[in-house]
Amino acid sequence: MSANSLYVPQLCPIERIRQETPDTRTYFLSACEIDWSRDYRPGQFVELSVFGVGEAPFCLSQSPTRADSLEVTIRKTGSVTNRLHDYQPGDVVGLRGPFGNCFPFERAQGKNLLFVGGGIGLPPLRALINYVLDHREDYGDVHVFYGARTPSDRVYKNELQTWSRSDQLKLTETVDQADPGWTGHVGVVTKLLRGLEVDPERTMAFTCGPPIMLKFVVAELLALKLAQRNIVTTLERYMKCGVGKCGHCCVGHHYICVDGPVYNFEQISFLPEIP
Ligand SMILES: Cc1cc2nc3c(=O)[nH]c(=O)nc-3n(C[C@H](O)[C@H](O)[C@H](O)COP(=O)(O)OP(=O)(O)OC[C@H]3O[C@@H](n4cnc5c(N)ncnc54)[C@H](O)[C@@H]3O)c2cc1C
Ligand code: FES
């Protein structure tokens, strides 16, 4: 990777787009001028620019072991993301990165893994889940818990179906509001963790979702006697430059874009929203 790709947006054509939910799409970006598509780690993010509108950070949502093209899954929330949702295959975005640290996938080796995702919190976890599936012998049991508002708000529906049939991991899903075709759990994802039997010494948890979900997930995981250092999340703080220059992501003397975005809960006790 050239230092240039950290500062100067590289031109990346959109190869293909998959509509995930009414407000979320996955973009497959083809080889950029600098091809680093496999040279990143699960948990890292990129800055995408829509020329004339702005730039925003997005996690790389596929494992580098499967990245024939770069994948980012994007929910419409404001100016850059609204504009991206008008884009079609063949349109070109700017891309800088990869930035930030990554999930501690080496420290997790030999452990049982719990993944707890809410809504658009699944994309960064999915990069690690698929990485683990591609190095399956290095890890213990894998259990993925995924909660969404409604069945149609679930991202990666085909992949969820594949996971549900796989003997390589266990998937448990829930929705806040069911529809007539839904046969799974109903209720918040934290409810699924209550009373779970885990070996706390041999278990690591990875979670991503809205701050209110994280608060309750961490409380449940601590009740299961997991150590704070074995509960890991990725923070989606407001960011601009991604390279530790502008100060937008600073909390105290922490630069989330450089020191993070992946932290264990022992490391982020400095954040006001952490229980
Ligand atoms: C490391 C990282 C990874 C991310 N990965 C993804 C991803 O994979 N998919 C995805 O859809 N989004 C992701 N996000 C969030 C995404 O970057 C923001 O939603 C984005 O800034 C929206 O840009 P916009 O111009 O469309 O919205 P804007 O017009 O900038 O903002 C819309 C509204 O959202 C608020 N806002 C913007 N960013 C944030 C934020 N990070 N936290 C809280 N409020 C915010 C603004 O204040 C405003 O109210 C990630 C953020 C970070 C920091
Ligand atoms: S986003 Fe600019 S310093 Fe972190």
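Colleague: What makes 4-99 and 112-234 count as domain 1 and domain 2?

Modeller: The domain assignment of the chain gives these bounds, and such bounds come from an automatic or database assignment. The model itself is predicted. The C-alpha centres of domain 1 and domain 2 are 24 Å apart.

Colleague: How many residues does each domain put into the contact?

Modeller: Domain 1 gives 18 residues and domain 2 gives 19. They are counted because their heavy atoms come within 4.5 Å.

Colleague: How do you know what area domain 1 and domain 2 bury between them?

Modeller: It is the accessible area that the two parts lose on being put together, summed over both. Here that comes to about 1,400 Å², with 54% of it on carbon and sulfur atoms. On the domain 1 side, Glu20, Pro42 and Arg66 supply 28% of the area buried against domain 2, more than any other three residues.

Colleague: Why is the pair arginine 126 and glutamate 71 called a salt bridge?

Modeller: Their side chains meet at 2.8 Å, N to O. The cut-off is 4 Å between a side-chain nitrogen of Lys or Arg and a carboxyl oxygen of Asp or Glu, so the pair of arginine 126 and glutamate 71 qualifies. Across the interface of domain 1 and domain 2, the rule finds 2 salt bridges.

Colleague: Which strands each supply at least two residues of the side of domain 1 that touches domain 2?

Modeller: Strand 1 (10-21), strand 2 (24-29) and strand 5 (70-75) do. By class, that side of domain 1 holds 4 nonpolar, 8 polar and 6 charged residues.

Notes. Residues are numbered from 1 along each chain as its sequence is written. Chains are lettered from A and ligands numbered from 1 in the order in which they are written. This is a predicted model: local features need pLDDT of at least 70, side-chain atom pairs count only at pLDDT 80 or more; totals for chains, interfaces and linings use all residues. Side-chain values use heavy atoms; hydrogens and water are left out. Buried area is the accessible area (1.4 Å probe) that two parts lose on being put together, summed over both. Helices (H or I, at least four residues) and strands (E, at least two) are DSSP runs, numbered from the N terminus. Ala, Val, Leu, Ile, Met, Phe, Trp, Tyr, Cys and Pro count as nonpolar, Asp, Glu, Lys and Arg as charged, and the others, Gly among them, as polar.
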